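Hi,

Here is the structure I promised to pass on. Have a look at it first, and then read my notes below.

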Amino acid sequence: MSQKTMEVVKNLDIKRYMGRWYEIASFPSRFQPRNGVNTRATYTLNEDGTVHVLNETFSDGKRGFIEGTAYKADPQSDEAKLKVKFYVPPFLPIIPVVGDYWVLHLDDDYQYALIGQPSRKYLWVLCRQTHMDDEIYNQLVQKAKDEGYDVSKLLKTPQSDPPPEGDDAPKDTKGIWWIKSLLGM
């Protein structure tokens with residue numbers, strides 16, 4: 001059965017999209033720590049128009065993170081279809097790994113977002129705050145369902161209030177699970 005084409009946000013204001021987003025829920029990945037908490041992404045605009053990506057999660061009190069670069073898949077398109085490129089540290093620092101990052105829904109105030117991929121194997125619910133109103137969450141889940149995602153796989157991500165400061169925690173030097181979870185490996 002062929003699935004309908006996913007609707008993607010148009011005319012994304014990249015500057016407004018920058019900053020920190022907290023993961024409210026996501027599809028689990030066998031490469032992501034099951035006990036990962038306080039997962040978040042921080043986006044910073046680079047001078048060349050690409051975006052610096054910092055993904056962080058905390059497990060067993062340690063901060064795991066990976067950095068990468070996001071850019072428009074098609075510079076001529078007005079659709080929010082991005083590619084995210086990570087260099088796999090520290091094992092293969094010269095081999096870039098690229099994944100899809102499609103903004104499926106975004107509110108007018110840029111406070112919450114639904115992120116997916118064309119494979120529909122990965123889904124993220126993001127919010128500027130550590131907690132999201134149930135009504136908004138349910139609307140985003142319904143939107144994902146309408147786009148053909150199996151929303152029964154969504155798991156909520158525990159977030160503490162206030163969130164941990166990034167550099168206080170000991171670092172998890174493995175970090176490899178981030179890449180695999182993002183790329184559908």
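**What I found**

The second largest pocket holds about 170 Å³ of space. Before I go on, keep in mind that this is a predicted model. The lining of that pocket is made up of 13 residues, and those nearest its centre are Leu12, Ile14, Gly49, Lys72 and Leu82. Strand β4, which covers residues 62-72, gives the most to this lining, with three residues.

Next, have a look at helix α2. This helix runs over residues 134-146, so to speak 13 residues in a row, and spans 18 Å from its first C-alpha to its last, close to the 18 Å expected at 1.5 Å a residue. Which residues of α2 are buried? They are Tyr137, Leu140, Val141 and Ala144. These four sit on the same side of α2, because they cover an arc of only 100 degrees around the axis. The general rule behind this is that an α-helix has 3.6 residues a turn, so residues three or four places apart point the same way. Glu135 and Lys145, on the other side of α2, are exposed.

The ends of the helix are worth a look too. After α2 comes Gly148, which has a positive phi, near 95 degrees.

Now for the loop between β8 (123-127) and α2, where you will find Thr130. Is Thr130 buried or exposed? Thr130 counts as buried because its relative accessibility is 9%, and the cut-off for buried is under 20%. The side chain of Thr130 also makes a polar contact with the side chain of Asp161, at 3.1 Å. Leaving out residues up to four places away in sequence, Thr130 touches Tyr22, Ile24, Gln159, Ser160, Asp161 and Pro163.

Last stop: Leu123, in strand β8. With 1% relative accessibility, Leu123 counts as buried as well. Again not counting residues up to four places away in sequence, Leu123 touches a list of residues that includes Ala25, Ser26, Phe27, Leu104 and Leu114. Ala144 is also among the residues that Leu123 touches, and Ala144 is one of the buried residues of α2.

Cheers

Notes:
Residues numbered from 1 in each chain as written. Predicted model: local features only at pLDDT ≥ 70, side-chain atom pairs only at ≥ 80, totals over all residues. Heavy atoms only, no water. Helix = DSSP H or I, 4+ residues; strand = E, 2+ residues; numbered from the N terminus. Expected span 1.5 Å × (residues − 1). Buried < 20%, exposed > 50% of the residue type's maximum accessible area, 1.4 Å probe, protein only. Arc of directions from axis to C-beta. Polar contact = N/O pair within 3.5 Å; in protein donor to acceptor, adjacent residues only side chain to side chain. Contact = heavy atoms within 4.5 Å. 1 Å grid on protein atoms, 1.4 Å probe; cavity = no way out; pocket = protein on both sides within 12 Å on 5 of 7 lines; lining within 4 Å. Points joined across faces, edges and corners; volume = space filled by probe spheres on them.
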